Amino acid sequence: MKLMGFFNRDGGTFRTTDMDAYEKRAEAVFREAGHDFDAIVFSGKEIVPAMERAARRDDIDGIVAGGGDGTISAAASIAWKNGVALGVVPAGTMNLFARSLRVPLDIWQALDVLAFGEVDQVDIASANDRPFVHQFSAGLHARMVRYRNSYSYRSRFGKMRASARAAFGVVLNPPEFEIEFEAAGMRERRRVSAVSVSNNPFGENALLYADNLNSGELGFYTANPLKPLGVARLAVDMLRGKVRENVDVMVMHPAEVHLHFPKLRAKANCVIDGELLPLARDVTLKLHPGELRVLVKEGLAAQVAQSERREPAS
């Protein structure tokens, strides 16, 4: 394959990595595997335009992106829109999409797995036509990200500390708002503290990422209006990977969700793949089954049981 590598030097792990050495190692590994491969290191501001330019080229089969979840989400969007394959090098704090793809979290090991891997096709989702690979959320999560962004941090661990501080602030001051939703033939209006729609349902893990990216279903979650104790209980269940067991959480698995926020505040926010964005009054979320081509470990696609690759929900 003709591949190009784009590594964000501002990504968490890459900040403390010899990027000249990493660039050379990446080129050596991919060329050894038989690919036509060139790697370039960019700053965070430069990398997305560079990937967009490359993906539009007629002679490119795929891009290999290294960075945090924001970089990877942008790379997935570019790969999907241009019909090229995506390789993910997890260099961020959470690396949620890489975990779903079962890519090693060690950035050096990831190179070998991707270079000698195979191309699989997985689901990708969109919110008002904006692609995402992890989740769209409003309420608790958006408030936590807003709080976190108000704090200063310069490192991966600094970001984690800021997130913990922000989470504590949300426990003490949970939001409450109205939504109207239409999904799987159900139409309802309710008050909630949180709404989340994920690209495939969350697995039973503390980080809330999908174990299977080929279910053909969204994960649609709402949380009833919560007081501080209720938020604390929800947080504990999240850490246990038992969100589904929380009595305040509703779970559905549709292929499409329509959300309406009847009393939307002027400065209301949502989060899409970790990025804080203005919240639209109406949001249509759709799953696009098998439309994203990704590099995965050789043999991984065959290992996924056919029972896990269900038909898209009606």
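I take contact to mean heavy atoms within 4.5 Å. The model I examined is predicted: local features need pLDDT of at least 70, side-chain atom pairs count only at pLDDT 80 or more, and totals for chains, interfaces and linings use all residues. Residues are numbered from 1 along each chain as its sequence is written, and side-chain values use heavy atoms, with hydrogens and water left out.

**Entry: L86.** I listed the contacts of L86, setting aside neighbours within four places in sequence, and found I63, A65, A75, A76, A79, F97, R293, V294 and L295.

**Entry: cores.** I looked for nonpolar cores, that is, sets of buried Ala, Val, Leu, Ile, Met, Phe, Trp, Tyr and Cys residues joined through side-chain atoms within 4.5 Å; buried means under 20% relative accessible area with a 1.4 Å probe, protein chains only. The largest core holds 53 residues, and those touching the most other members are F6, F7, L86, V89, F97, L101 and L292. Helix α3 (residues 69-82) gives this core its largest share, 6 residues.

**Entry: whole protein.** I counted 9 helices and 16 strands, as DSSP runs (helices H or I, at least four residues; strands E, at least two). The C-alpha atoms fill a box of roughly 55 × 45 × 35 Å along the principal axes. Of the 314 residues, 53% are buried. Among contacts between residues at least 6 apart in sequence, I noted that 71% join residues at least 24 apart.

Terms used: Buried means under 20% relative accessible area, exposed over 50%, partly exposed in between (1.4 Å probe, protein chains only).
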